[in-house]
Amino acid sequence: MSSSSSDASAASAASAASAAKHEAHRAANPGAQVDNAFDRLRWRNRFVALAPEFGTRLAPTPLPDPYLVATSASAAALLDLPSDAFADAASVATMAGRVPRGAEPMAAVYSGHQFGVWAGQLGDGRAHLLGGVDTKQGLIELQLKGAGETPYSRMGDGRAVLRSSIREFLCSEAMHGLGIPTTRALAIVGSAQPVVRETVETAAIVLRMAPSFVRFGSFEHWLSRHRPDLSKRLADHVVDTFYPECRDAGDPYAALLAAVTVRTARLMAQWQAVGFCHGVMNTDNMSILGLTLDYGPFGFLDAFDANHICNHTDQQGRYAYSRQPAVARWNCYCLAEALMPLIDDVERAEASLAPFEPVFGEAMDAALHAKLGLATTLPTDQGLIDALFALLQDSHADFTVFFRRLCDFDAPDAARGAPGGLARDLFIDRERFNAWSVDYRSRLAQEPRDATARQVAMRAVNPKYVLRNHLAEAAIVQARAGDYREVQRLNAILARPFDEQPEAAAYAALPPAWASHLEVSCSS
Ligand code: AMP
Ligand code: MG
């Protein structure tokens, strides 16, 4: 059964009512009359019209005297606009919390498991969904993160600091550049408003975009509230809008669980393949669309360490690099539990979860073959890959630099005369790497592709540029001093992570010694 037509009429009635309310508000508030890029967008606020229980309608609390920090040209293009369309004072004021015409801001409610423990109700404690906007790629929701307190703020102040906002902005767009599903970031605005964390910092807001911000925790919420009717309404929305193929399955909710499981498993392979560590894989940070969501204490691997923990707050290492796939699978089980009132058959739910391991395994295997430049698969490949990862682990070789150098494995390097070229320099035990190189070279000899084609293919999957912590840190330090050019420059470099960018060679270098002392925590 589809509820989309009744949803649509409810949505248009709610939209008309809200437009009238907004006109009244604007008449009473001349400051809101300014027309800017956001006022001119075609708003269609599907989520807010779904059910009043899904959140609380409320306006953001604007930041005082906002300034623009950075915009993403490719995110702006999603809205069919150039990035400078948001640079005027009125647009900056909107991104700092002034409600645009046609928007119907709300904070969504959800719950979740944090660090494996049921945390109860959470919700958008510092995010306001402005509404949806029609684009060529369908409806995209716009959200302000850091836009003030909501009923879900608990002990928080509803704000985000400039530091974490820059990190979220840069990483959202960097992940998109890497071809990894993610929420997007259109822009950051800042303000001198002080925000107290470990020290006093200043406030900022990131304008995020995604087709939906619904999380696994959105479903867990209605399970904990014993409201299968609302679970169903939410699931119907997600199925009808994002997974329409599930509607034709015998059990659309079991099919939904399977589809989300598959997307999540694929996402994990993509994270692992670029050395991305999320840091806080709580179920409230897991997107129902399989997007990377909620950038906090994330990190890209520098020196390879399977046990790397990027989040200083995660003392047990629950979210260590090597554990991410298993945690994602555990999170899918939480989603399954939340959907049980709709699926109502344990075996069907288990069957929906079953694809996680094979899908992840296949996607990871394909990603590793691609990283090694292998277009074919042989039974001996696993041994070759395992031996390489043991080497990377023992030498703590830089993950990104190694795979990028491996692209030049066969390049003439007569001056060095080293088998494996510059990749070899990253290993402490060079004899062991030499031995691996012999096996790798003979494996390459069994490939149908010539070396040039292989190198081109390898460079398209092994990024040269990733958002290392120290690169973000340098941009943050400069931004705190009022110079935002580094944020913009880094964003531009990371938009083309696979391209050689000779003028940006320093951004692809091994991290400086101080990088290993950087601590990133949940504080944001
Ligand atoms: P996170 O793990 O950062 O995704 O956040 C977990 C929960 O805490 C979410 O419900 C957030 O909205 C909320 N939260 C985090 N920081 C703040 C803050 N400064 N003010 C209000 N709520 C917050
Ligand atoms: Mg979160």
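These legends walk you through several close-up views of one predicted model. Because the model is predicted, local features need pLDDT of at least 70 and side-chain atom pairs count only at pLDDT 80 or more, while totals for chains, interfaces and linings use all residues. Residues are numbered from 1 along each chain as its sequence is written, chains are lettered from A and ligands numbered from 1 in the order in which they are written, and side-chain values use heavy atoms, with hydrogens and water left out.

**View 1. The largest nonpolar core has 129 residues.**
A nonpolar core is a set of buried Ala, Val, Leu, Ile, Met, Phe, Trp, Tyr and Cys residues joined through side-chain atoms within 4.5 Å. "Buried" means under 20% relative accessible area, "exposed" means over 50%, and "partly exposed" is in between (1.4 Å probe, protein chains only). Look for Phe-219, Phe-402, Leu-467 and Val-487, which touch the most other members. Helices (H or I, at least four residues) and strands (E, at least two) are DSSP runs, numbered from the N terminus. There is also a second, separate core of 31 residues, with Leu-63, Val-99, Val-161 and Leu-186 among them.

**View 2. Here is Val-487 with the residues it touches.**
Contact means heavy atoms within 4.5 Å. Not counting residues up to four places away in sequence, Val-487 touches Val-69, Ala-70, Ile-166, Phe-169, Leu-170, Ile-188, Ala-475 and Ala-479.

**View 3. Strand β9 pairs with β2 and with β10.**
Two strands pair if DSSP finds at least two bridges between them. Strand β2 (residues 67–71) and strand β9 (residues 184–196) run antiparallel over four bridges, and Ala-70 has Ile-188 in β9 as its bridge partner. On to β10 (residues 200–210): nine bridges join this strand to β9, again antiparallel. Pro-194 stands opposite Thr-202 in β10. Follow the chain from β9 to β10 and you trace a hairpin with three residues between the strands.

**View 4. Strands β4 and β5 make a hairpin with two residues between them.**
Strand β4 (residues 111–114) runs antiparallel to strand β5 (residues 117–121), and three bridges join them. Ser-111 has Gln-121 in β5 as its bridge partner. Keep an eye on Phe-115 in this hairpin, with its positive phi near 50°.

**View 5. Zoom in on Ser-111, which sits in strand β4.**
Ser-111 counts as buried because its relative accessible area is 1%. The side chain of Ser-111 makes a polar contact with the side chain of His-221 (2.7 Å); a polar contact is a pair of N or O atoms within 3.5 Å, and within protein one must be able to donate a hydrogen and the other to accept it, while residues adjacent in sequence count only if both atoms are side-chain atoms. A polar atom of the Ser-111 side chain also lies 3.3 Å from the backbone oxygen of Gly-120. Leaving aside neighbours within four places in sequence, Ser-111 has contacts that include Trp-118, Leu-122, Gly-217, Ser-224 and Asp-284.

**View 6. A magnesium ion (ligand 2) is held between two side chains' atoms, from Asn-285 and Asp-294.**
The ion is coordinated by Asn-285 (OD1) and Asp-294 (OD), at 2.0 to 2.1 Å. Donors are N, O and S atoms within 2.8 Å of the metal (3.2 Å for Na, K and Ca); water is not among the atoms, so sites may look incomplete. Asn-285 and Asp-294 are buried.

**View 7. Ligand 1 has 17 residues around it.**
A residue is near a molecule or strand if one of its heavy atoms lies within 4 Å of it. Gly-123, Gly-125, Arg-154, Asp-157 and Gly-158 come nearest to ligand 1. A polar side-chain atom of Arg-126 lies 3.2 Å from a nitrogen atom of ligand 1. For Arg-159, a backbone N or O atom lies 3.2 Å from a nitrogen atom of the ligand. Asp-294 turns up here too, with a polar side-chain atom 3.2 Å from an oxygen atom of ligand 1.

Most residues other than glycine have a negative phi. His-226 is exposed, with a relative accessible area of 67%. His-396 is partly exposed, at 40%.
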